[in-house]
Amino acid sequence: MSRFLKIAFALIAFINFNCAIADNVWPTHPIKFIVGFGPGGANDLVARTVAEAASKQLGQPIIVENKPGAGSVLGADFVAKSPPDGYTFFVSAGGIVTNPMIKASMPYKEGDLVPVSLLTISPSIVVVSADSKMNNLKDLLALAHEPNGLNFSTAGTGSTPHFVAEMLKVKAGGKYEIIPYKSGSEGMVAVISNQVDATSEASVVVIPQIQGGKLKAIASTWNKRIAALPNVPTTKEQGYPEVLIGHWAGVFAPKGTPDAILDKMNNAINAALNSPSVQARLTPQGIEPAPGSRASFSKFLADEKGRLSPIVKRANMKED
């Protein structure tokens, strides 16, 4: 009994200490959000928008630092090896799920980063050139079944456009010439200049070109239409619910970061995502805020891994 009481008191003391870290101590100085891509991209925009709003909730600045390289692996590795003290977080994209699937080796283990909060989802929008005869997904798939097939640009092996092409191939068949470019922007330009037939890119990337009359949107790859493109039907509405993928951003922390700190950061991020100022800045660009709990983010990641892993194996995706 005496031993049991000692263990119980020790556990209570640990819980109280853990809570005190978040409630009374943390944060006492600026926090860092590490972005695994260069400045100016969608993840960088989301990170800076949320950091500014969440810092007001926490009473300390959140500084965004860009550490691009290796498909965001360099930034993720930096955070994975940082002290788990609540002052360094990683703002990820979908590569945190798919990189381990397509890369021969990784510098950190999957469990070295723990989920904190989903931030946003930006659907991938299937686009063709503005003067294309294709007006919907049915037209695109018909072209894929013609003798010459369909030329589809991507941002490289394992990129979201690559997954879209492979999903279409698996679910609808046809002949696809998948052409990798160095970035989604280059792949988009290839469509505008009619070097390729189609691509699928983040809404934030293609919306300006759609509005400028250079691209035509024929499908959204998420499970609902987005406010910025209300007239663009989803792949589900056009008969292909399995073609489902989004450009998402989320926050991770080094393994060992106290739960109380993770919970407090999650709460601050949710308050930021629910604020009218953040929504007004992101939604018109096709970036949908996606607040939720740590548990719901963990489930989201597990679902993504379960859906995408078979596609990687079937397509034999390997890093370029």
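In which helix of the protein is confidence lowest, and in which is it highest? Select helix H1 (residues 2-25), where the mean pLDDT of 53 is the lowest, and then H9, where it is highest at 98; pLDDT is the predictor's confidence in each residue, from 0 to 100, and helices are DSSP runs of H or I with at least four residues, while strands are runs of E with at least two, numbered from the N terminus.

This is a predicted model, in which local features need pLDDT of at least 70 and side-chain atom pairs count only at pLDDT 80 or more, whereas totals for chains, interfaces and linings use all residues. Residues are numbered from 1 along each chain as its sequence is written, and side-chain values use heavy atoms, with hydrogens and water left out.

Next, show the whole protein, which has 11 helices and 10 strands, and whose mean pLDDT is 90, with 92% of its residues at 70 or more.

Finally, select helix H2 (residues 42-58) together with helix H9 (residues 259-273), which pack at an angle of about 120° with their axes 8 Å apart; the axes are lines fitted to C-alpha atoms over the stretch in contact, and angles run from 0 to 180 degrees between N-to-C directions. On the H2 side, the residues that make the contact are Val50, Ala53, Ala54, Gln57 and Leu58, and on the H9 side they include Lys264, Met265 and Ala268.

Technical notes
Contact = heavy atoms within 4.5 Å.
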